Amino acid sequence: ISLGVWQLQRLAWKSALLDEIAARAEAAPVGIDDVAARLEAGEGWRYQPVRLSGVYLHEYEARMPSATPAGSGWRVVTPFQPDGGGSVVFIDRGLAPARALEAGGSIERPQGPVELVGLARPFARHAPFTPPPDLSARIIYDLERAPLEAILDAPPDDVAPFMVSLTPSASSDARAWPRAAPPSIDDISNRHLEYALTWFGLAGALIAVYVAFHIRAGRFGAQR
């Protein structure tokens, strides 16, 4: 029962957090320095819209197997050097079908200075069953920081502690790849009500077993 109550408390906390993140995702874009300052101060920053300008480092482009609207394909991740130097930011550019990354494919790789808008997001945590990256082919299997740094061949201090996932814009060419596929609030797990019901169900089952045991032993209703 205590575990069930604890999960209800977690449910209230997670629901409030998701409401905060949803409101932040609708806020006006800020600079990457502001996001870094919030992260350093322990303040809310996930899914904060950001605006940055600089150049892509396409020679270090990485890709991750992923389903796309056009079938199997890749999520394209490219390092980005902001204007004025500073830490390199890894940009999740979105999804592209396999054919778009083949020789002569139709993937876009903007050259020269560009301005981007996206959502700040954390790197993925390493999972024990994630396959190791193929660094020579620049293929990763999760949005982890270490493989991307290895592909870039850059020390951790030269890489921003967060990623940016591009968001769709009105000026985007609907025929071009990759296409922005930023994370959404729905991607964040919130199963605490399910966990609470599980614990309460186990408690109820144990109580039923306890009562049944004593009934069979003749303890309930026995004459003194």
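Q: To start with, is D92 buried or exposed?
A: D92 is buried, because its relative accessible area is 0%, where buried means under 20% relative accessible area, exposed means over 50%, and partly exposed lies in between (1.4 Å probe, protein chains only). Please keep in mind that this is a predicted model, in which local features need pLDDT of at least 70 and side-chain atom pairs count only at pLDDT 80 or more, while totals for chains, interfaces and linings use all residues. Residues are numbered from 1 along each chain as its sequence is written, and side-chain values use heavy atoms, with hydrogens and water left out.

Q: Where is D92 found?
A: D92 is found in strand 4, and ten of the ten residues of that strand are buried. Helices (H or I, at least four residues) and strands (E, at least two) are DSSP runs, numbered from the N terminus.

Q: What does the side chain of D92 make a polar contact with?
A: The side chain of D92 makes a polar contact with the side chain of R75, at 2.9 Å. A polar contact is a pair of N or O atoms within 3.5 Å; within protein, one must be able to donate a hydrogen and the other to accept it, and residues adjacent in sequence count only if both atoms are side-chain atoms. A polar atom of the D92 side chain also lies 3.1 Å from the backbone nitrogen of G94.

Q: And which strands does strand 4 pair with?
A: Strand 3 (residues 71–82) is joined to strand 4 by eight bridges, and these two run antiparallel, whereas strand 6 (residues 159–166) is joined to strand 4 by four bridges and runs parallel to it. Two strands pair if DSSP finds at least two bridges between them. In strand 6, S165 is the bridge partner of D92, and in strand 4, P97 is the bridge partner of G73. Strand 3 and strand 4 also form a hairpin with five residues between them, and G84 in the turn has a positive phi of about 80 degrees.

Q: Changing topic, how many salt bridges are there in the whole structure?
A: A search of the whole structure finds seven salt bridges, a salt bridge being a side-chain nitrogen of Lys or Arg within 4 Å of a carboxyl oxygen of Asp or Glu. One of them brings together the side chains of R109 and E61, at 2.9 Å from N to O. This pair links distant parts of the chain, 48 residues apart, with R109 in the loop between strand 4 (88–97) and strand 5 (114–121) and E61 in the loop between strand 1 (49–56) and strand 2 (62–68).

Q: Why does E61 count as buried?
A: E61 counts as buried because its relative accessibility is 8%, whereas R109, at 35%, counts as partly exposed.

Q: What about D34 and R38, how are they placed?
A: They are four residues apart in helix 2 (residues 32–41), which means that about one helical turn separates D34 from R38. Their side chains meet in a salt bridge of 2.9 Å, N to O.

Q: Which residues form the nonpolar patch on the surface?
A: L3, W6, Y195, W199 and L202 form that patch, with about 470 Å² of accessible area together. Helix 4 gives the most to the patch, with three residues, while L3 lies in helix 1. Patches are made of residues with over 30% relative accessible area and no salt bridge, where like charges are joined within 9 Å and nonpolar side chains (Val, Leu, Ile, Met, Phe, Trp, Tyr) within 5 Å, and accessible areas come from the Shrake-Rupley method with a 1.4 Å probe, for residues counting only the protein chains shown as cover.
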